[in-house]
Amino acid sequence: MLKSILFLGALLATLPAAAATPAAPAQTRSCHLPGVEEALRCLTLPVPLEPGKPATLNLHVTIAPALRQGARPDPLFVLAGGPGEAGSDVLPLLSTAFRRVRATRDIVFIDQRGTGLSGKLDCPSDSDEDAQLSDLEADAALRRCIAASKAPFAAYTTAAAARDIEAVRRALGFGRINLWGGSYGTRLAQAYARAYPAGVRTLTLDAVAAPDQVIPAGGHDAQAALDRLFAQCASDAACAHAYPNLRGEFDALVARLDAGPLTLNLPDPRTARQVDVTMTSARLLDTVRNMLYSPADARRLPFLVHSASAGRWQPFVARRNLAADFAAEGAPATLLHLAVVCAEDMPRFTPALAAADASPLTRTLADRLKGLCRAMNVPAVPYVAPTRIAAPALLLSGALDPVTPPRRAQDAARFMAKAQLLTAPNVGHGVSQLGCAPRLLRAFLDRPEASIDGACLNEIPAPTFQLGSAGPQP
């Protein structure tokens with residue numbers, strides 16, 4: 001799965017304003033979903049697959065009712081990331097990021113069309129078989145999956161997802177709503193706020209994508225995060241002592257794999273059976289880039305690089321397998337991801353932008369996307385200059401984020417009338433569930449016009465480096 005953040009455009013500026021709220025809200029049912037022990041409320045809402053056409057799609061919505069009697073009338077709508085992640089995939093956030101908010105507000109999770117329980121657009125996968133495929137074979141399998149799909153990919157845009165949010169708001173009988181978006185969800189939240197300003201009370205955006213951000217053009221931010229990690233190791237006495245030539249070892253590994261794939265015979269980290277594993281520079285760099293999302297994960301990277309440089313690849317392969325081991329039904333929807341990226345990002349990924357943003361960490365991503373987007377064959381969604389958002393907005397950034405660093409939030413805030421920007425120095429991609437952030441979310445929703453003091457985010461500690469097989473330092 002291609003893990004990424006996309007650009008954030010005003011794609012819906014010409015859509016109609018928020019419609020009137022119906023008098024009778026739709027009936028929900030009791031439901032139990034993975035990740036939450038308690039019973040929640042669920043709704044299956046038919047929405048038009050394409051405007052003006054009779055075909056419909058069943059949209060899945062999960063509602064976590066407020067814990068106290070007399071809930072406030074303005075719920076929090078949660079928009080997941082990806083694109084390709086479903087609202088039902090992030091339900092565990094109820095006990096972390098939203099534990100304070102839920103005391104007085106309903107929390108509404110939407111499975112974006114094409115994800116989760118809303119007609120997931122995905123490909124069959126077997127982690128053991130997939131591990132044996134070369135990069136070319138993996139892409140060929142994905143193209144076969146694309147060709148076999150009957151889905152009208154052009155109907156799965158950010159604009160369509162924003163219309164679905166409005167349909168859910170009306171169906172549940174809510175007036176103005178609060179939006180929380182994470183990663184790609186920040187792009188969707190901004191698109192909804194621009195299309196339906198009358199329906200928005202506040203926006204809380206975590207790991208903020210900028211209006212002009214283009215997904216394959218993530219090399220600059222990713223490289224900056226990797227360089228920062230190397231510098232932090234060099235300035236940490238224990239890490240510098242354990243890995244005195246970390247950058248040199250990393251560069252040598254990349255150069256070795258650029259010269260040709262490496263066949264590794266080693267015990268499978270999952271089964272202990274001897275297997276042959278093909279390691280390429282693309283697989284090495286993809287794993288490194290994904291590890292940079294989490295500082296705790298990134299602080300393991302020096303140990304993995306040093307071990308691989310010494311010929312001991314087992315720890316690195318085990319980390320690479322991690323995503324496949326835990327993917328199961330909660331894995332992001334691959335074809336939905338491509339439907340959005342190919343229509344909304346790749347048309348703006350010009351040769352000039354590619355040259356300006358070149359980095360080894362993302363050099364294979366663009367080439368892969370070009371081939372896959374030809375197979376998707378979706379029409380380009382024209383970029384529309386962003387209009388101003390009037391609703392109060394709280395923008396959260398991690399200083400160590402490799403894809404949506406603080407500069408992206410600053411770009412987004414230029415088009416907001418009432419934006420507050422907070423940065424957590426020791427955090428990567430995603431702030432809301434950490435430290436004092438849940439309290440700040442509740443404070444902002446209760447008094448969105450008041451100034452939020454984010455100094456407590458500085459107290460979130462930096463993870464320690466892993467110096468050996470026993471794990472991170474205590």
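Two strands count as paired when DSSP finds at least two bridges between them. Keep that in mind on this tour of a predicted model.

Select the nine strands of the open sheet. Their order is β1-β2-β3-β5-β4-β6-β7-β10-β11, and the pairing is mixed. Now color β1 (29-31) and β11 (419-424). Both stand at the edges with a single partner strand each, so one side of each has no neighbour in the sheet. From one strand to the next, the twist averages 25 degrees.

**Around β5.** Move to strand β5, residues 107-110. Which way do its side chains point? I107 and F109 go one way, V108 and I110 the other. All are buried. In general, side chains of a regular strand alternate between the two faces of the sheet.

Next, show strand β3, residues 56-64. β3 pairs with β5 in the antiparallel sense, over four bridges. Pick A64 and you will find I107 of β5 opposite.

Now select β4, residues 76-79. The pairing of β4 with β5 is parallel, over three bridges. Here V78 has F109 in β5 as its bridge partner.

**The helices.** Select helix α4, residues 184-195. α4 lies across β4, β6 (177-182) and β7 (200-206). Its direction is at about 160 degrees to β7. Finish with helix α16, residues 437-446, which packs on the sheet. α16 touches β4, β6, β7, β10 (393-398) and β11. With β7, its direction makes about 160 degrees.

Note on methods. Residues are numbered from 1 along each chain as its sequence is written. This is a predicted model: local features need pLDDT of at least 70, side-chain atom pairs count only at pLDDT 80 or more; totals for chains, interfaces and linings use all residues. Side-chain values use heavy atoms; hydrogens and water are left out. Helices (H or I, at least four residues) and strands (E, at least two) are DSSP runs, numbered from the N terminus. Axes are lines fitted to C-alpha atoms, for helices over the stretch in contact, and angles run from 0 to 180 degrees between N-to-C directions. Contact means heavy atoms within 4.5 Å. Buried means under 20% relative accessible area, exposed over 50%, partly exposed in between (1.4 Å probe, protein chains only).
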